[in-house]
Amino acid sequence: MSCDSQITSDIPGTINYFNEEPPGNTPKVFGQGTVSIPDKNTHACVFSPDGSMIIFSRYPDKKSYIMTFSNGQWSNPEEAFFEGKECYFSADGKRVFYYTNGGDIYYNEKTENGWGEPIS
């Protein structure tokens, strides 16, 4: 169970990795007890470009989860606002792209009040 970050090489040291070392070339368990938990396959972890959100998928749950960083600490994992998996953020962090069980690709746009409805 390891998680990859798509942005660490561009802005090292700007993301709080649960007080762990930033990811390198050697896989290791990430966020043990919070992100990575026993008897679950945690994968497809991605941080928002500003480092304030992490989204990851879990099997056998077949769901995505979100944690946010605020006031110096990470929230508990909550089910994502979308029904999909293995997502990615747009470079500006204003869209989250993901695919559904049917293989369709969707995205949600960030709004002033949270996240908008899914767009195919």
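Helices (H or I, at least four residues) and strands (E, at least two) are DSSP runs, numbered from the N terminus. This is a predicted model, in which local features need pLDDT of at least 70 and side-chain atom pairs count only at pLDDT 80 or more, while totals for chains, interfaces and linings use all residues. Residues are numbered from 1 along each chain as its sequence is written, and side-chain values use heavy atoms, with hydrogens and water left out. The points below cover strand pairing and backbone geometry.

**Strand pairing**

- Two strands count as paired if DSSP finds at least two bridges between them.
- Strands β2 (53-59) and β3 (63-70) run antiparallel and are joined by 6 bridges.
- Within this pair, isoleucine 54 is placed opposite methionine 67 of β3.
- β3 also pairs with strand β5 (residues 78-79), in the antiparallel sense and over 2 bridges.
- Here isoleucine 66 faces glutamate 78 of β5.
- Antiparallel pairing over 2 bridges likewise links β3 and β4, where β4 spans residues 73-74.
- Serine 70 is the residue opposite glutamine 73 of β4.

**The β2-β3 hairpin**

- The hairpin of β2 and β3 has 3 residues between the strands.
- Proline 60 is located in this loop, between β2 and β3.
- The peptide bond joining tyrosine 59 and proline 60 is cis, with omega at about 15°.

**The β3-β4 hairpin**

- Between the strands of the β3 and β4 hairpin there are 2 residues.
- Asparagine 71 sits in the loop between β3 and β4.
- Its phi is near 50°, which is positive in a residue other than glycine.
- Asparagine 71 is exposed, at a relative accessible area of 78%; the cut-offs are under 20% for buried, over 50% for exposed and in between for partly exposed (1.4 Å probe, protein chains only).

**Positive phi in a strand**

- Glutamate 86 is part of strand β6, residues 85-89.
- Although glutamate 86 is not a glycine, its phi is positive, at about 45°.
- The relative accessible area of glutamate 86 is 28%, and the residue is therefore classed as partly exposed.
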